Amino acid sequence: MPARFLRTLSVLVIATAFFATTDARGQCPGSGICLFENGTPGCNDAACCNLVCSQDPFCCNTEWDDLCGQLAAQICFGGSGGCEPGCGGAKDNVECVFGTPQYDNRRPVGRILRFGGEWCTAWIVASPNIVMTNQHCVAGGIQGMTVEFNYECTSCGGGNAKQVDSFNVNTLLTSNAGLDFALLQLSGNPAATWGVATVDPTPPIIGQPLYEIHHAANAAGSNGNVKGYGEGNVTTVNIPGDCNVSPPVAIGVDLIATGGASGSPIFDANTHSVVAICHCGPDCGPGFAVPLSSIIPLATPVITNAGGTLSIFTPCPGATGDVNDDGNVDGKDIQFFVNAALGSGSTDEVCAADFSSNGSVGIEDVPGMITALMTGP
Ligand SMILES: [Ca+2]
Ligand SMILES: [Ca+2]
């Protein structure tokens with residue numbers, strides 16, 4: 001890249017001239033953040049600023065540019081690649097929701113690289129190896145594309161980068177500019193390791209609670225160097241003309257839609273199923289998404305033809321107490337009820353025991369289970 005080459009050359013020249021004349025660290029601390037391009041000389045962490053400028057005086061003399069941010073990530077933050085929140089939200093790093101169903105849903109979410117550069121977000125929509133992203137992410141073709149899973153940090157406050165698992169993008173199965181979705185087939189079997197996101201093709205409604213798992217780039221233009229997490233709601237539905245979605249099915253969401261987040265799955269906060277994909281919006285501001293209720297009917301035959309298997313959310317038909325599904329409600333169901341309460345029941349078993357309809361089996365379901373045992377078939 002010519003600009004980078006010239007910049008590297010200028011660093012050498014400046015460094016040679018500068019060390020001979022004056023203190024390279026005169027701008028420490030500066031006013032901007034250290035991890036990203038900040039438009040000013042120096043950065044606001046004095047220790048980090050001194051370290052970086054001792055290696056690259058350009059960062060203090062002229063401007064803290066993207067290379068300075070990358071250097072800061074390497075030498076101030078343990079080579080983590082900068083495990084910092086993408087947009088500065090309180091829970092912007094998915095590690096901050098460790099131990100929740102939301103956290104589990106990070107696994108099938110990967111970032112798309114194009115010729116090694118950060119590009120978009122993709123997620124496993126069907127086993128063994130089909131991912132969904134935005135059409136605009138593949139409008140220039142899939143040449144040089146890979147999808148990396150586990151591009152995550154080790155702790156909520158940052159920590160180090162985890163070991164990534166990379167797959168080549170082999171085939172563009174379909175793309176649809178109107179609904180801004182595309183299906184890609186990867187090499188190998190990423191679903192075996194990273195799982196499949198469950199999809200819910202029910203049309204979103206205003207106020208529906210959501211969360212998004214994404215690889216958004218930072219507002220300052222750095223790499224999307226964290227797996228991001230954000231919470232929000234559906235704010236509007238069926239918006240005519242927004243970001244050229246056709247037919248007008250886009251939904252407004254108070255979730256980020258900055259560069260890099262394109263194609264991210266947006267989950268319903270109660271069912272933990274994907275209901276929409278991130279589509280467009282301003283840097284780190286509320287954006288627009290396309291609901292899976294419009295996409296799934298078109299995607300399903302393509303996925304089937306490519307040998308893929310979807311995981312589709314099915315709401316519980318209602319608790320019966322026949323947890324072992326043998327047609328009777330009796331003592332044999334008690335152990336299955338306990339198993340479901342301990343978290344080792346199947347989806348069907350949880351449905352049969354979840355009298356409170358809260359999606360899990362617990363103490364609140366005991367009265368219903370006792371009633372079923374006393375009255376059931
Ligand atoms: Ca039974
Ligand atoms: Ca329950």
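Let's start with the nonpolar core. In this predicted model, the largest one has 64 residues. Those with the most contacts inside that core are Val125, Val131, Ile266, Ala289 and Val290. Strand 2, residues 117-127, gives the most to this core, with seven residues.

Take Ala289 from that list and look around it. Leaving aside residues up to four places away in sequence, Ala289 touches Ala250, Ile251, Val253 and Ile266, and also Ala276, Ile277, Cys278 and His279. There is also a second, separate core, this one of 16 residues, and among its members are Cys34, Cys48, Cys53 and Phe58.

Two of those cysteines bring us to helix 2. That helix covers residues 46-55, and Cys48, Cys49, Val52 and Cys53 are buried in it. How do these buried residues sit when you look down the axis of helix 2? They fall within an arc of 120 degrees, so they line one face of the helix.

Now a quick step back to the whole chain. The protein chain has 377 residues, and 47% of them count as buried. Its secondary structure comes to 10 helices and 15 strands. If you take the contacts with a separation of 6 or more, 61% of them are between residues 24 or more positions apart.

On to the strands, and please find strand 4, residues 145-149. Four of its five residues are buried, so to speak mostly covered. Strand 4 pairs with strand 1, residues 109-114, in the antiparallel sense over five bridges.

Follow strand 7 onward and you reach strand 8. Six bridges join this antiparallel pair, and Leu172 stands opposite Leu184 in strand 8. Strands 7 and 8 form a hairpin with four residues between the strands, and in that hairpin Asp180 takes a positive phi near 50 degrees.

My last stop is helix 7, residues 292-305. At 1.5 Å a residue, its 14 residues should span 20 Å, and its end C-alpha atoms are 19 Å apart, which agrees. Where does helix 7 kink? The kink is at Ala299, about 40 degrees, shortly before the proline Pro301. Just after the helix, Gly307 takes a positive phi of about 85 degrees.

Which residues of helix 7 are buried? They are Leu292, Ser294, Ile295, Ile296, Ala299 and Ile303. These buried residues pack against strand 2, strand 3, strand 8, strand 13, strand 14 and strand 15.

Let me finish on Ile303, which lies in helix 7. Why does Ile303 count as buried? Ile303 has 21 C-beta neighbours inside 10 Å, and the cut-off for buried is 20 or more. Not counting residues up to four places away in sequence, Ile303 touches Ala126, Ile130, Leu183, Gly308 and Leu310.

Key: Residues numbered from 1 in each chain as written. Chains lettered and ligands numbered in written order. Predicted model: local features only at pLDDT ≥ 70, side-chain atom pairs only at ≥ 80, totals over all residues. Core = buried A, V, L, I, M, F, W, Y, C linked by C-beta atoms within 7 Å. Buried ≥ 20, exposed ≤ 12 C-beta atoms within 10 Å, placed from the backbone. Helix = DSSP H or I, 4+ residues; strand = E, 2+ residues; numbered from the N terminus. Contact = placed C-beta atoms within 7 Å. Arc of directions from axis to C-beta. Pairing = 2+ DSSP bridges. Expected span 1.5 Å × (residues − 1). Bend = angle between axes of the 7 residues up to and from the residue.
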